[in-house]
Amino acid sequence: MDALTHGLASYSVTRAVFPRASLATLLAAILAGAAADLDQLSAHVGPSAFLSWHRTATHSILGTLAIVAAFFAAVSLTTRNKQNADTIRTVFLALLAACSLHAAMDLTQNESVQLLWPFRTQRYSADWVARFDLWILLILLAGALVPQLLALVTEEIGAKSKAPRGRIGAILALLGVFIYTGARFVLHGNAVAMMDARTYRGELPHRAAAFAESDSPFHWRGIVETERAFHDLNLSLAPGSSFNPDAAAVYYKPEPSAPLDAALTTKSVRRFLRAAKFPKATVEKTSTGYRVQIRDFAQQQEARFGPRVIAIVDTEPDAKVVSDELAWDQKM
């Protein structure tokens, strides 16, 4: 998710669990809760670095603990001589809650994370929530701002409250996000089951996936892979809506060929396939042989949120590999 959503989520969990935490602890929790997304800076190094580091190390269990340790050390050093500093337990648990919430929220998204880095290369994603979800952002914003506005009104009329400001709003916001995500979980299961039950141009689905869209909980993007093609679907799960598998945009797979087989053995392609959900290849004849390009079909609609990596392999006419590389996708 975006940094603003993660920052608000970190604020909410800190206010809800540690309502009397100091400003230093609160700020540290907000920054720590968004720090994992610093891995996006790897895009400035290049596509290979981006594939290696984006949503891997800093989004893993080990990386989460490292971020907690770094911010815990920073808070301890800056508040050690202050009288009203929070206890070590409060600071540590607040940081751990914020960073763990970041990892948990990202696991529900369309974009996968390498949770067990560096021990396993497998990536995980639930696909329940869009990378940027407007509704989650609004729920968290309401939970943070409404209590402050109510407190100002209360002070204006002369009433004073001894309770920590913002705790109830934070709890309600987190509860709202939990209920919303649970509803998304149910709708996701319905979408996948609906696609699995149909045929596509006379073919049975090999696998189907539903990816959340941000505008509405009832709007999903569906991808069905069959023997010969990928079927891209615009799904509506609103009451009374219908599903027509023939309305899908169809993208046919290339025929088996020696250049494609050669490309699949290269290091760049093997690295790319470990991260891709729905790898789709194209094979083009060039003046010097063939060019094979492999994209992640699932990321086709996500280009608006950041750079996307593809694998490119050039071969001679006899399918001997000349070069292979990871590059930025210029077509998305």
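Predicted model: local features only at pLDDT ≥ 70, side-chain atom pairs only at ≥ 80, totals over all residues.

Guide: Let's start with strand β6 (residues 289-296) and strand β7 (residues 309-315), which run antiparallel and are joined by 5 bridges. Strands here are DSSP runs of E with at least two residues, helices are runs of H or I with at least four, and both are numbered from the N terminus. Two strands pair if DSSP finds at least two bridges between them.

Residues are numbered from 1 along each chain as its sequence is written, and side-chain values use heavy atoms, with hydrogens and water left out.

β6 and β7 belong to an open sheet of 4 strands, ordered β5-β6-β7-β8 with antiparallel pairing. β5 (279-286) and β8 (321-328) are the edge strands, each pairing on one side only. From one strand to the next, the twist averages 15°, with axes taken as lines fitted to C-alpha atoms and angles running from 0 to 180 degrees between N-to-C directions.

Next, follow the chain to F278, in the loop between α9 (267-275) and β5. F278 has a ring partner, F211 in strand β1 (residues 207-212), 67 residues apart from it. Their ring centres are 6.5 Å apart and their planes at 80°, so the pair is edge-to-face. Rings of Phe, Tyr and Trp (its six-membered ring) pair if their centres lie within 6.5 Å, and planes under 30 degrees apart count as stacked, over 60 as edge-to-face and the rest as tilted. F211 is buried at 4% relative accessible area, and F278 is buried too, at 3%; buried means under 20%, exposed over 50% and partly exposed in between, using a 1.4 Å probe and protein chains only.

R207 lies over the face of F278, 3.9 Å from the ring centre, while the charged end of K253 sits over the ring of F230, 5.3 Å from its centre. For this, NZ of Lys or CZ of Arg has to be within 6 Å of the ring centre and within 35 degrees of the ring normal.

The loop that holds F278 also holds K277. The side chains of K277 and D127 meet in a salt bridge, 2.7 Å from N to O; the rule asks for a side-chain nitrogen of Lys or Arg within 4 Å of a carboxyl oxygen of Asp or Glu. D127 lies in the loop between α5 and α6 (134-156), so this pair ties together parts that are 150 residues apart in sequence. Both K277 and D127 are buried. The loop between α5 and α6 also contains D133, which forms a salt bridge with R184, with the closest N and O atoms 3.5 Å apart. R184 has a relative accessible area of 0% and D133 has 1%, and R184 sits in helix α7 (residues 167-196). By the salt-bridge rule the count comes to 12.
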